[in-house]
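Here's a quick briefing to read with the model open in your viewer.

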Amino acid sequence: SLIYVEDQYLWSTDVARVFAQALTREPGLRLIAVIPRFPDQDGRTALPPNLLGREPVLRMLRAAGGDRFAVYSPENQVGTPVYVHAKACVVDDTWACVGSDNANRRSWTHDSELSCAVLDESGEWPRQLRLELATEHLGRELTAEEAGDPVRTFEAFGRSATALEAWHQAGRSGPRPPGQLRPYTQPALSWLTRCWSTPLYRLLYDPDGRGRRMRHHHAF
C-alpha cells in the first residue's frame, strides 16, 4: 500500500525496476521518495553525472506509478536545501531497511557498505520510523486518520509540499507554511552534456565492481 524511501542518490535501475513492477502490479500502491535537491558534488563537471544517475530511475517510477509516485527534496526554514544523506526504506509498516549503502551500483558492488533490514510483523518499529520522518518533514504529526491510511499519508505529503512550493512561487509572501519538503524537478541535460558525462558517471561516479560473469548474468 505504501513505500517510503529516503536515499542520497537513488540511481539504481535494478532497485527502481522492483518498485516499478510493484506499482504496476498493485494499483493501490503509492511510493514517496525523498532525495537531495542538489548532489553532494556540485559544479560544471560533477553535477551532470550525478543528475544523469537519477534520470532513468525517476523516469521509470513516474511511468509506472503516475500520480501514485511522488518525489520531494527538503529545505530548512530559510529556504536552504537540506542534503539527504539517509538510506532508508519502509514498506507497509512491516519491513524497513536502514544503513550506509545507497541505491546505486557503487554501494552494492564497489564500496564497503552495511545495512540492516528488519521484518516486524507487529509493525511497531517500521511504523515509528515512518512517522518520525513524516513529522520532521511535514512540520507536524500526522493525524491518526492520516497515519493509518496510506492514501491520506501520501496526500498529506503532497499538500505540504504544494503549499510550500506555492509560497515560494508567490515571492515568500506571508507566513511560511509548515514543513520542509518541496516537489523535486529534475533539471534537463542537453545532448552534448549527456555525451561527455555518461562515461564519467559509469566509470567514476557509479562504477560497477562486479566481474564479467556476474554482469553478464545480471547478478549481485
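**Pockets and aromatic rings**

Around the second largest pocket, the lining residues split into 4 nonpolar, 5 polar and 6 charged. Keep in mind that this is a predicted model. The largest pocket has a lining of 12 nonpolar, 2 polar and 4 charged residues.

**Second largest pocket**

- This pocket's volume comes out at about 280 Å³.
- Its lining has 15 residues, and the ones nearest the centre are Thr 13, Pro 56, Arg 105, Tyr 201 and Arg 202.
- Helices α1, α2 (47-65) and α7 (191-205) each put at least two residues into that lining.
- Helix α7 gives the largest share, with 4 residues.

**Largest pocket**

- The largest pocket holds about 330 Å³ of space.
- It is lined by 18 residues, with Val 15, Phe 19, Cys 89, Trp 95 and Cys 97 closest to the centre.
- At least two lining residues come from each of β1 (2-7), α1 (13-25), β4 (87-91) and β5 (95-99).

- Look for Trp 108 in helix α3, which covers residues 105-110.
- Is Trp 108 buried, partly exposed or exposed? Its relative accessible area is 42%, so Trp 108 counts as partly exposed.
- Setting aside neighbours within four places in sequence, Trp 108 touches Val 15, Asp 101, Asn 102, Ala 103 and Phe 220.
- With Asp 101 there is also a polar contact, side chain to side chain, at 3.1 Å.
- Gly 123 sits 15 residues from Trp 108 in sequence, and the two C-alpha atoms are 27 Å apart in space.

**Aromatic pairs**

- How many aromatic pairs does the structure hold? There are 5.
- Tyr 9 and Trp 11 make a tilted pair, 4.6 Å centre to centre with 40° between the planes. Both of these residues are buried.
- Trp 108 and Phe 220 pair up too: their ring centres are 5.6 Å apart and the planes meet at 75°, so this one is edge-to-face.
- That pair bridges distant parts of the chain, with Trp 108 in helix α3 and Phe 220 in the segment after α8 (212-216), 112 residues apart.
- Phe 220 is partly exposed, at 46% relative accessible area.
- Tyr 4, Tyr 72 and Phe 157 come together as one aromatic cluster.

Technical notes:
Residues are numbered from 1 along each chain as its sequence is written. This is a predicted model: local features need pLDDT of at least 70, side-chain atom pairs count only at pLDDT 80 or more; totals for chains, interfaces and linings use all residues. Side-chain values use heavy atoms; hydrogens and water are left out. On a 1 Å grid over the protein atoms alone, a cavity is a set of points where a 1.4 Å probe fits but cannot get out, and a pocket is an open set with protein on both sides within 12 Å along at least five of seven lines; lining residues have an atom within 4 Å of a point. Grid points are joined across faces, edges and corners, and a volume is the space filled by probe spheres set on the points. Ala, Val, Leu, Ile, Met, Phe, Trp, Tyr, Cys and Pro count as nonpolar, Asp, Glu, Lys and Arg as charged, and the others, Gly among them, as polar. Buried means under 20% relative accessible area, exposed over 50%, partly exposed in between (1.4 Å probe, protein chains only). Contact means heavy atoms within 4.5 Å. A polar contact is a pair of N or O atoms within 3.5 Å; within protein, one must be able to donate a hydrogen and the other to accept it, and residues adjacent in sequence count only if both atoms are side-chain atoms. Rings of Phe, Tyr and Trp (its six-membered ring) pair if their centres lie within 6.5 Å; planes under 30 degrees apart count as stacked, over 60 as edge-to-face and the rest as tilted.
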